[in-house]
Amino acid sequence: GADCVSCAKGTCSGVGQACADPNTSAASLSDWACTCPSPASGKATAQAAVCTIDECVETSVNCTSCAKGACAAANQTCDDPDTSAASLSDWVCTCPLPASGEATAQAAVCTIDECVETSVDECVVMGADCVSCAKGTCSGVGQACADPNTSAGTARAVRRGLVRRRTRRATTPTRRRLRCPTGSAHARRRRAGRRRRRRR
């Protein structure tokens, strides 16, 4: 009623929150509390609560906008830049070093440009982690560098900047000597010719 200056009077329900009075004694006033609805979390006494949802952490079935392991399944990190309950589907997946790439509300497409990646770059840690990157190998001798496929899955570990090439020796098929069947007329003539040569 109007006489209850300490009552909630729809403060909680007006913002979609639940109201609970833990002690209904007339001597216990202004102790009612607003609680945020699931999957949000937050609680406040005698006022509306500030509701938050970390969409990277929350796994409740009620949270249809949450990541629920989408980043982790792709070996990526998840970050929710704004955990306010009013800001949903803004979680971000980020690729692990030395790859680069990020995406909002979905797994990112990770890429590694082995020509650009270098330990001289501002991202020193990234360069050190990329064992297959060019790191100035081409530019150091005045040559242009191009990475035809920047997908993180195609980066190769190259030791000491050397690329091992495997060569195959050209082989020629061996010529086999053909023999005539022993019972053929041609074979009989050859044997007769050999006998005549022996008599001479």
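**Figure 1. The disulfide between Cys63 and Cys66.** In this predicted model, a disulfide connects Cys63 with Cys66, the S to S distance being 1.8 Å. The link of Cys63 and Cys66 is right-handed, with 80 degrees about the S-S bond. Cys63 is buried, its relative accessible area being 2%. Cys66 also counts as buried, at 7% relative accessibility. Both values fall in the buried class because that class covers relative accessible areas under 20%.

**Figure 2. The disulfide between Cys71 and Cys93.** The sulfur atoms of Cys71 and Cys93 are joined in a disulfide, S to S 1.8 Å. This pair links distant parts of the chain, with Cys71 in helix α1 and Cys93 in strand β5, 22 residues apart. About the S-S bond of Cys71 and Cys93 the value is -90 degrees, and the link is left-handed. Cys71 counts as buried, with 1% relative accessibility. For Cys93 the relative accessibility is 0%, and Cys93 likewise counts as buried.

**Figure 3. The disulfide between Cys56 and Cys78.** Cys56 and Cys78 form a disulfide with an S to S distance of 2.0 Å. Cys78 is partly exposed, with a relative accessible area of 28%.

**Figure 4. Cys19 and the sulfur of Cys12.** The cysteine sulfur closest to that of Cys19 is in Cys12, at 3.9 Å, which is too far for a bond. Cys19 is partly exposed, and its relative accessible area is 46%. By the distance rule, the count for the model comes to six disulfides.

**Figure 5. The cis peptide bond from Ser38 to Pro39.** The peptide bond that runs from Ser38 to Pro39 is cis, with omega near 10 degrees. Pro39 is placed in the loop between β2 (33-35) and β3 (43-45).

**Figure 6. The cis peptide bond from Leu97 to Pro98.** Between Leu97 and Pro98 the peptide bond is cis, and omega is near 5 degrees. Pro98 has its place in the loop between β5 (92-94) and β6 (102-104).

**Figure 7. The positive phi of Lys68.** Lys68 is a residue other than glycine with a positive phi, near 50 degrees. Lys68 is located in the loop between β3 and α1 (70-73). The side of the classification to which Lys68 belongs is partly exposed, with a relative accessible area of 42%.

**Figure 8. The positive phi of Ala105.** Although Ala105 is not a glycine, its phi is positive, at about 60 degrees. Ala105 is found in the loop between β6 and α2 (124-129). With a relative accessible area of 34%, Ala105 is partly exposed.

**Figure 9. The arginine patch on the surface.** A patch of positive charge on the surface is made by Arg188, Arg189, Arg190, Arg191, Arg194, Arg195, Arg196, Arg197 and Arg198. One of these residues, Arg198, lies in helix α3, which spans residues 185-199. Arg198 is exposed, with a relative accessible area of 63%. This value counts as exposed because the class begins over 50%.

**Figure 10. The protein chain as context for the close-up views.** The secondary structure of the protein chain comprises three helices and six strands. Read from the N terminus, the order of elements is β-β-β-α-β-β-β-α-α. Among the 200 residues of the protein chain, 25% count as buried.

Terms used:
Residues numbered from 1 in each chain as written. Predicted model: local features only at pLDDT ≥ 70, side-chain atom pairs only at ≥ 80, totals over all residues. Heavy atoms only, no water. Patch = residues over 30% accessible without salt bridge, like charges linked within 9 Å, V, L, I, M, F, W, Y side chains within 5 Å. Areas by Shrake-Rupley, 256 points an atom, 1.4 Å probe, with all protein chains shown as cover. Salt bridge = Lys/Arg side-chain N within 4 Å of Asp/Glu carboxyl O. Lys, Arg positive; Asp, Glu negative; His and termini not counted. Charge placed at Lys NZ, Arg CZ, Asp CG, Glu CD. Helix = DSSP H or I, 4+ residues; strand = E, 2+ residues; numbered from the N terminus. Buried < 20%, exposed > 50% of the residue type's maximum accessible area, 1.4 Å probe, protein only. Disulfide = S-S within 2.5 Å.
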